[in-house]
Amino acid sequence: MADVPDNAPEHCPGTASEQAGKSASCQGCPNQVLCASGATKAPDPAIAEIGEKLSTVKHKILVLSGKGGVGKSTFSAHLAHALASDSTKEVALLDVDICGPSIPRIMGLEGEQVHQSGSGWSPVYVDDNLAVMSIGFLLSSPDDAVIWRGPKKNGMIKQFLRDVDWGDLDYLIVDTPPGTSDEHLSIVQYLSSTHVDGAVIITTPQEVSLQDVRKEIRFCQKVKLPIIGVVENMSGFVCPKCKNTSQIFPPTTGGAEKMCADLNLPLLGKVPLDPRIARSCDEGKSFLNDVPDSPAADVYQRIVQRIQDYCSNRLTEEQSTT
C-alpha cells in the first residue's frame, strides 16, 4: 500500500484508513498516536509539489501491462525515440520499474550516473532532446538487486517526479513494472494534480497475457486513468527473407483485437516479432533508426502517430472547455 510507513506493523491498515491508529494491529506502533489524531489523512504535500514541478510538461503518458515480459520497456523506449525524432520536441523517459530497471540498457546508457544540480537531479541524455531517468543510474552495478518494501519504492518514485530537473517537456513517458500494485498506485496518486493524457496498455496475443491485461484495464477504470489504447506486441513473426507471417503466440481467444472490441477500447496496432528489435535493445540502439523499412518499424510509426493525435485532440478539448 502507498500509505503504509516503513516502520509499520505487518497488518497496518494504512495511514489514510478509517482504522488508522485504532485497530488491534496498531498497538505498539510508534505511529499510533499520530495516525489516531487524523493528521495522516491529509493529502500528501508532495502531490502539490509534483503538480508544480510538472506544470511545464505538456503530455504525460503511462505505459502499463498486467503481465511481465510483454515488451513494455521496449515499447516505451521506441515511443521515446520516435517522439524525439522530431528535433523540435523535448521528450523524457522515466523508468519506475524499481526492481527491474532495463531502460538504461535499452537506451544505451548503462554505466551512466545521475548528477545533482541546484535545481535537482539532472537526468541522463541520449540526445539533446531525449532525457532518461532510472534507478539503474543509482546502482553501482546493473547486477545489483533492489530489495525494497513498498514504502521505500514509493518514496523513490516521489523523488523522481519531484526532484528531477525535467525542464520544459512536450512528452514525459513513464515506463512501469507489471501488475497493479504499489508503484502503479503511487504514480497515479502523485500525478493526480497534473494533466495525465492516459495509459498505453501492452499485451501479447495469447490468453495467458490477456487475462492479466484485463486486470490492468480494470485498474485504470477504478483510478479514473484514461486509456489511450492497446498495443499487441509479438503479433506474429514476419520472416525477414520471405516476409511470410507465422503465429508464434497464437491468439487462441481472439487476441487484443477481440479484447478491445469487447471492452470498447482502441487497438493502436499489432507489432510483429522481429529478432532485430531484441538485438537493438541489447545493443542500446533504436530499432526504428536501424531498420526503418521493416514491417515492425512501420507499425510502430503508425502507433506513435495515433498516440500523438490522441494527445493533440485531448489538449485541444481541454483548452476549448477552459
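Helices and strands here are DSSP runs (H or I, at least four residues, for helices; E, at least two, for strands), numbered from the N terminus. Before I go on: this is a predicted model, where local features need pLDDT of at least 70 and side-chain atom pairs count only at pLDDT 80 or more, while totals for chains, interfaces and linings use all residues. Residues are numbered from 1 along each chain as its sequence is written, and side-chain values use heavy atoms, with hydrogens and water left out.

Back to the strands. β8 and β9 (residues 227–232) run parallel, joined by five bridges; two strands pair if DSSP finds at least two bridges between them. β8 also has a parallel partner in β1 (residues 57–64), with four bridges, and there Val63 stands opposite Val200.

How many of the six residues of β8 are buried? Six of the six, so the strand is largely enclosed by the rest of the structure. Buried means under 20% relative accessible area, exposed over 50%, and partly exposed in between, using a 1.4 Å probe and protein chains only.

Now follow the chain out of β8. Thr204 sits in the loop between β8 (198–203) and α7 (207–222). Buried or exposed, this Thr204? Buried, because its relative accessibility is 3%. Its side chain makes a polar contact of 2.9 Å with the side chain of Gln206, and another, at 3.2 Å, with that of Ser209. By polar contact I mean a pair of N or O atoms within 3.5 Å; within protein, one must be able to donate a hydrogen and the other to accept it, and residues adjacent in sequence count only if both atoms are side-chain atoms. Leaving out residues up to four places away in sequence, Thr204 also touches several others, including Val70, Glu232 and Asn233 (contact means heavy atoms within 4.5 Å).

Carry on through the helix and you get a right-handed β-α-β unit made of β8, α7 and β9. Right-handed means that, with the strands pointing away from the viewer, the path from the first strand over the helix to the second runs clockwise.

Last stop, helix α9 (residues 275–282), where the buried residues are Ile277, Ser280 and Cys281. They cover an arc of only 100 degrees around the axis, which puts them on the same side of α9; that arc is taken from the directions from the helix axis to the C-beta atoms. After α9 comes Gly284, with a positive phi near 70 degrees.
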